[in-house]
Amino acid sequence: MRLRIVPMGPEHIPQVAALERACFPADPWSEGLFREALDNPAAAVLLAQGEGGSLLGYAVVSAVLDEGNLDNIAVAPDARRQGVGDALMRALTGFGRENLAALTLEVRASNAPAIALYGKHGFAAVGRRKNYYAAPREDALLMTLTFER
C-alpha cells in the first residue's frame with residue numbers, strides 16, 4: 001500500500017474526528033480536542049494518507065520538555081494490517097530519537113495487535129493503570145520507549 005505521512009491541518013479535523021468515532025465509539029475525542037492538539041505548540045498530529053489524500057490513520061503526540069506521550073493513534077478499519085500503523089510508529093519513533101528522551105503510551109491490556117505493534121518498535125511494558133479505560137472498564141498497560149542520546 002502506498003501512503004505518506006503528513007502533518008494534520010485544520011481542514012482535516014472533520015475527517016479525523018469521523019475516523020475517531022468509527023474507531024472509538026464509546027469515548028471518542030471531539031473535533032475540539034483535535035483542534036486543541038493543533039493549537040498546542042508542544043503537540044503534533046500526523047496523518048497517514050493513501051492515494052488521493054484518503055485518510056488511513058492518524059497519531060497525536062505531545063511533549064513536556066524531553067518526554068513525549070502518544071496520546072492517540074488510530075487506523076481505519078479497512079486499512080488495518082497493511083502497514084499504516086507501522087508507518088505512523090516509524091514516524092513517531094524517528095521524531096523521538098531526534099528530540100526526546102522517552103516516548104510513553106497507554107494501551108488496553110486486551111489489545112494484543114497494538115501491544116505487538118508497539119513492541120516491534122521497541123516499547124516495553126513498564127506498568128499498569130488499573131481501570132484506566134471505561135466502556136468497557138479495563139486496565140491499561142503503560143509502555144515506554146527510551147531513546148539513547
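Student: What should I know about the model before reading off values?
Tutor: It is predicted, so local features need pLDDT of at least 70 and side-chain atom pairs count only at pLDDT 80 or more, while totals for chains, interfaces and linings use all residues. Residues are numbered from 1 along each chain as its sequence is written, and side-chain values use heavy atoms, with hydrogens and water left out.

Student: How many residues are in the largest nonpolar core?
Tutor: There are 41. Such a core is a set of buried Ala, Val, Leu, Ile, Met, Phe, Trp, Tyr and Cys residues joined through side-chain atoms within 4.5 Å. Buried means under 20% relative accessible area, exposed over 50% and partly exposed in between, with a 1.4 Å probe and protein chains only. Residues with the most contacts inside the core include Phe 34, Tyr 58 and Tyr 118.

Student: Which strand gives the largest share of this core?
Tutor: Strand β3, residues 55-64, with 6 residues. Strands (E, at least two residues) and helices (H or I, at least four) are DSSP runs, numbered from the N terminus.

Student: What does Tyr 118 touch?
Tutor: Leaving out residues up to four places away in sequence, Tyr 118 touches Leu 70, Ile 73, Met 89, Leu 105, Val 107, Phe 123 and Met 143. Contact means heavy atoms within 4.5 Å.

Student: Switching to rings. How many aromatic pairs?
Tutor: The count is 4. Rings of Phe, Tyr and Trp (its six-membered ring) pair if their centres lie within 6.5 Å; planes under 30 degrees apart are stacked, over 60 edge-to-face, the rest tilted.

Student: Why is the pair of Phe 34 and Tyr 58 edge-to-face?
Tutor: Because the planes are at 90°, with the ring centres 5.5 Å apart. The pair links distant parts of the chain, 24 residues apart: Phe 34 is in helix α2 (residues 31-39) and Tyr 58 in strand β3.

Student: Phe 34, buried or exposed?
Tutor: Phe 34 is buried, at a relative accessible area of 0%. Tyr 58 is also buried, at 0%. Trp 29, Phe 34 and Tyr 58 form one aromatic cluster.

Student: Now α4. Which residues are buried there?
Tutor: In α4 (residues 112-120), Ala 114, Leu 117 and Tyr 118 are buried. Seen down the axis, the buried residues fall within an arc of 95°, so they line one face of the helix. That arc is taken from the directions from the helix axis to the C-beta atoms.

Student: What do they pack against?
Tutor: β4 (67-75), α3 (84-99), β5 (102-108) and β7 (138-146).
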